[in-house]
Amino acid sequence: MQIRQITVGNAVFGGPRVVLIAGPCSVENEDMAMRTAEAVAAGGAGVLRGGSWKPRTSPYSFQGLGQEALRILRRAGDEFGLPVVTEVMSPEQIEVAREYVDMLQVGARNMHNFILLSEIGRSGMPVLLKRGFMATVEEWLLAAEYILKEGNEQVVLCERGIRTFENWTRATLDVSSIPLARDSIGLPVVVDPCHAAGRRDLILPLSMAGLGAGADGVMVEVHPDPDKALSDGGQSLSLEEFALFAASVTQAGESPCRFQERIRR
Ligand code: PEP
Ligand code: MN
């Protein structure tokens, strides 16, 4: 199946090269966003990520800086020449975010928010659609159809792990979903090892597994001081670690599994 190419800034998802999306879980302030953007740009990232509104399990945890985060993210992206992506949780947030970002993210918890999906479809903006952690591959692809149905074909899928009985990791990365989803719907798929593992020591092996399965890109969380991060520090790479990580992941340059397209089914 031919994979649709989705262009966001200079990054092309579904093309011959692996796209790295990197940045903090949450935008916490201008200084950390700028330092992170500089480091991820230097490492070859194609897209800068950063949470503005955070879907936290506890209402007492840091909820994100909202529009202030969007302003900072835009400035950081512009300063270092990167397009930016942020998560939206409601149709109202799309209206605000579209003034600042190049791509919208639908998080795992909102994959079933059909009103949000349809509205993103109507926005016509590129979207990173994460798999819900209780969703089957079929349910994930039907969520993508809600966006496609409105005439928006700029959908990139993101496998971020599903809930299983395993509790040494935050979720379980479902590697098989990558070729399954990619080849049945013809959209690029990105692997997110950070939310799958919940721990930074598994980021590289899970990224390699995802790329081996044919992923078109990798999304990782990066923070200048992970131990002090306001969200997801334990699964974030430091700036120095990101440099090493990016060098390993992009060494091959070309996505390793392009022969997949020539396999008969
Ligand atoms: C995130 O990307 O920071 C995030 C909240 O991811 P997920 O929706 O996959 O949990
Ligand atoms: Mn996170």
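**Barrel and ligand site**

Reply: In this predicted model, eight strands close into a barrel in the order S3-S4-S5-S6-S7-S8-S9-S10, with parallel pairing. Strands (E, at least two residues) and helices (H or I, at least four) are DSSP runs numbered from the N terminus. From one strand to the next the twist averages 25°. Local features need pLDDT of at least 70 and side-chain atom pairs 80 or more, while totals for chains, interfaces and linings use all residues. Residues are numbered from 1 along each chain as its sequence is written, chains are lettered from A and ligands numbered from 1 in the order written, and side-chain values use heavy atoms, without hydrogens and water.

Me: Why are S4 and S5 said to pair?

Reply: Pairing requires that DSSP find at least two bridges between two strands. Arg49 stands opposite Val85 in S5.

Me: What makes helix H2 a helix that touches S4 and S5?

Reply: Contact means heavy atoms within 4.5 Å. Helix H2 (residues 67-80) packs on the sheet and touches both S4 and S5, and its direction makes about 160° with that of S5. Such angles run from 0 to 180 degrees between N-to-C directions, the axes being lines fitted to C-alpha atoms, for helices over the stretch in contact.

Me: How do you know that the side chain of Arg160 makes a polar contact with ligand 1?

Reply: A polar contact is a pair of N or O atoms within 3.5 Å. An oxygen atom of ligand 1 is 2.6 Å from an N or O atom in the side chain of Arg160, so the pair qualifies. For the side chain of Arg49 the corresponding distance is 2.8 Å, and for that of Gln105 it is 3.0 Å.

Me: What is remarked about phi of Asp232?

Reply: Phi of Asp232 is near 55°, a positive value in a residue other than glycine. Most residues other than glycine have a negative phi. Asp232 is placed in the loop between S10 and H9.

Technical notes: Polar contact = N/O pair within 3.5 Å; in protein donor to acceptor, adjacent residues only side chain to side chain.
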